[in-house]
Amino acid sequence: MLSPIEKLNKILNLEEKMGYANRAVIGGLERLAQFWGPEATEAGEALPVEEIVTLLRRYPEEEKEGRKALIEEIRSLMRGREEVSVAEKRAPTEPKERVDIDSPVTELHGVSKAYAQRLHRLGVETIRDLLYLFPHRYDDFRALKTIDQLEYGEEVTIVGTIWETQNRETRKGKTITTSIISDGTSTIQATWFNQPYLLKSLKSGRQIVLSGKVDEYLGRLTLPSPAWEPLDQELIHTGRLVPVYPLTKGVGARWMRRLMKRTVDYWSLRLPDHLPAPLREQARLLDLESAIQQIHFPDDWERVKEGRHRLAFDEFLLIQLGVLKQRRLWREEPGRPLPTDEGLLDRFTKSLPFNLTQAQERVLSEILADLQESRPMSRLLQGDVGSGKTVVAAAAMLMAVANGAQGVIMAPTEILAEQHYATLNDLYKTFEVNLRLLTGSLRSEERQEAYREISSGRAQVMVGTHALIQEGVEFHDLALAVIDEQQRFGVRQRSALRQKGHNPHVLVMTATPIPRTLALTLYGDLDISIIDELPPGRKEITTQWMAPRERERAYTFIRSQIEEGNQAFIICPLVEESEKIDAKAAVEEHERLQGIFPDLRLGLIHGRMPASEKEAVMRDFYQGNLDILVATPVVEVGIDVPRATVLLVEGADRFGLAQLHQFRGRVGRGEVQSYCLLLADSPSSQAEERLKAIESSQDGFYLAEVDLEMRGPGEFFGTRQSGLPDLKVAKLSDVKVLEEARALAKEIFQEDPHLELPQHRLLARRVADFWRGEGDLS
């Protein structure tokens, strides 16, 4: 005779073969649950009988995919319990002892290997990852009303008894299931599409809870496709603030919510809180257990807010502790003081064909003061396009040379490196400075010659690309490293350049105006200097937002500028976050524009082109061999093309303010008046605000603040690109939370910089986990 577990296995196998039609036993699997449960309990099977029975009862309510998932879940419960002790049987939801918060999700009941692979697509590997997969919104189904109080268009929850349920087929062969629900005050019809199996679950006389949006059909109120649950169960999908999770193919909303509810109920109680109670009280924060419970299955909106606040505070705190640790490690290293040669500095500034602005003088003083310290400088220099950062860097590198050492400036592309080389050659022409260019395209013998000069010390200032950090490059005495356009370098590349010298001073430069909150978060380990004024006499770039019908006028204007000997950029819209699709769109746009400007020389540059090809096109444009350069947003961090006077941005409403401002900086590099034309197809009201803002202001820092407020930090340059761990809850526009977390991080750090005190051990582990794989932040 078959045991209950063997019998259930056999029925499930048959159900799979029959295509999940709920016909493996007479009356369906819900009928099986009635006799199998008592039989399994009587036989003393080491199984979570109640859980399996609940899943069998739910079976007819699900669609085919959901049924398949339920069978996988039942099998998983059966497998996981084959060796379970009698003691465990009394607590069926409790996992095996060896399982902990960082165990793989397959240790959870109901998560098979197939489901684990699907969850992996959502970034979930461990139980902790699942707890930190937060809802992206909530459906508010708390408004419990009687049927006679319902109004069209409102989100409601009702409790009622099913009078009757019917299936009918449409002409196209689709099934519509309708139930008449009564609560004693009135009746309403609920409708579901293509779920004929609901007929078996929604039986006459059954009490259920329904949540959804009230609609109207032929003058009567209806509930189309509401969520529903039996009244006798704990409500997960209805009658509450219902969490809506990110999903992926093969993971349904109801399955995910059930898994989350079980996981949160059990594991949030076992999640160690890394913030000691006195610190939580000081910052007025929820404990971690409550925060996790309330962000997943909140009691009300206020509790959602409190849960989010705690978890956002955590992320900011962990980031700040990481950057403070980075700063301490860097500052503990002995550096080499580089005293300022005042006479040489004076000769250098007097040799310039212009006067330094007050902002340049202030920033240069800050840098020179750092260079004289016996610990390495670690400074971020922010300055809008054309504000004169390179001159400041040139003066600093000259001081390294005056001290018998070497300076280096690293740029993200060959053409930018060549441009820096030409600028420095010009700035140093009356000084005896041996300048060396090192890029990937040098011929082998030229490269070997450069290596020899760098290692012997004959080359005093080096300019180059990532070729500077490759094996084989040995510096004689590197004292100052300048990294230009920092966003384009990965964390490891920056770290590699640092290691080429004996703790060299490091100056990081960026033309991306970064709001203070963002700078504190991204570069909390760096001191920050800002050049916040442009050289006098620089012409403002005339900026105009145009409607699609004005496109021909824009093309006529571009042609007139080219006839005067100037050049133009045309930026293609960002189709979606896919280089492949953007590249295709750019190729098509280039072909279309060749038809509009058949007599002009057009070039094309996009992200899918090999670096060497991109460099060649940019060089052609720079040298005046092209009239118009059609580009995807890869041109954002770019070169000086003095004869480029017009920039046309297609689909301007799809870009952030900071990015549009960066594009605009591609023109206006020469003496001639320049223009930025913004074509927007169908801007939203928020996009219109952005376009009005950029039309009215040339101040990159003001625009960056506006952008941060309007769009949040994601569009700035993405946390992945900046070397930051991902933020799941915190928004960088939460200035108040960020500053509170920063203040507490400093307090903790002053008391215990190595996080070695017993009360900080959990916090130290959490910081290490949070930053794992991110390396050197600066």
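Q: What share of the contacts in the chain with a separation of 6 or more comes from residues 24 or more positions apart?
A: This is a predicted model, in which local features need pLDDT of at least 70 and side-chain atom pairs count only at pLDDT 80 or more, while totals for chains, interfaces and linings use all residues. Residues are numbered from 1 along each chain as its sequence is written, and side-chain values use heavy atoms, with hydrogens and water left out. Contact means heavy atoms within 4.5 Å. Of the contacts in the chain with a separation of 6 or more, the share from residues 24 or more positions apart is 73%.

Q: How many helices and strands does the chain have?
A: Both kinds of element are DSSP runs numbered from the N terminus, a helix being H or I over at least four residues and a strand being E over at least two. On that basis, the secondary structure of the chain comes to 29 helices and 22 strands.

Q: What percentage of the 778 residues in the chain is buried?
A: A residue is buried under 20% relative accessible area, exposed over 50% and partly exposed in between, with a 1.4 Å probe and protein chains only. For the 778 residues of the chain, the buried part is 55%.

Q: At roughly what angle do the axes of helix α23 and helix α24 cross?
A: Two packed helices are described by the angle between their axes and the distance between the axes. Axes are lines fitted to C-alpha atoms, for helices over the stretch in contact, and angles run from 0 to 180 degrees between N-to-C directions. The axes of α23 (residues 657-664) and α24 (residues 685-696) come within 10 Å, and their crossing angle is roughly 40 degrees.

Q: How many nonpolar, polar and charged residues are in the contact of α23 with α24?
A: From α23 come Leu657, Leu660, His661 and Arg664, which meet Arg690, Leu691, Ala693 and Ile694 of α24. Ala, Val, Leu, Ile, Met, Phe, Trp, Tyr, Cys and Pro count as nonpolar, Asp, Glu, Lys and Arg as charged, and the others, Gly among them, as polar. By class, the contact of α23 with α24 has 5 nonpolar, 1 polar and 2 charged.

Q: Within what arc do the buried residues of α29 fall?
A: In helix α29 (residues 761-771), the buried residues are Leu763, Arg766, Val767, Phe770 and Trp771. The arc is taken from the directions from the helix axis to the C-beta atoms. Seen down the axis of α29, these buried residues line one face of the helix because they fall within an arc of 120 degrees.

Q: Which residues are exposed on the other side of α29?
A: What covers the buried residues of α29 includes α7 (127-131), α12 (301-332) and α28 (735-751). On the other side of α29, the exposed residues are Arg761 and Arg765.

Q: The backbone oxygen of which residue lies 3.2 Å from a polar atom of the side chain of Arg240?
A: Arg240 sits in the loop between β8 (227-230) and β9 (241-244) and counts as buried because its relative accessibility is 14%. Not counting residues up to four places away in sequence, Arg240 touches Asp139, Asp140, Phe141, Arg142, Leu235, Lys261, Phe297 and Pro298. The backbone oxygen at 3.2 Å from the polar side-chain atom of Arg240 belongs to Phe297.

Q: What is the phi of Tyr20, about?
A: Most residues other than glycine have a negative phi. Tyr20 lies in the loop between α1 (4-17) and α2 (29-42), where it is buried at a relative accessible area of 13%. Although Tyr20 is not a glycine, its phi is positive, at about 60 degrees.

Q: What value is the phi of Ser225 near?
A: Ser225 is in the loop between β7 (220-224) and β8. Its relative accessibility is 44%, so Ser225 counts as partly exposed. In this residue other than glycine, phi is positive and near 45 degrees.

Q: What distance separates the C-alpha atoms of Glu63 and Asn194?
A: Glu63 lies in the loop between α3 (49-58) and α4 (64-80) and is partly exposed, with a relative accessible area of 45%. Leaving aside neighbours within four places in sequence, Glu63 is in contact with Gln195 and Tyr197. Glu63 and Asn194 are 131 residues apart along the chain, and their C-alpha atoms are separated by 8.9 Å.

Definitions and conventions: A polar contact is a pair of N or O atoms within 3.5 Å; within protein, one must be able to donate a hydrogen and the other to accept it, and residues adjacent in sequence count only if both atoms are side-chain atoms.
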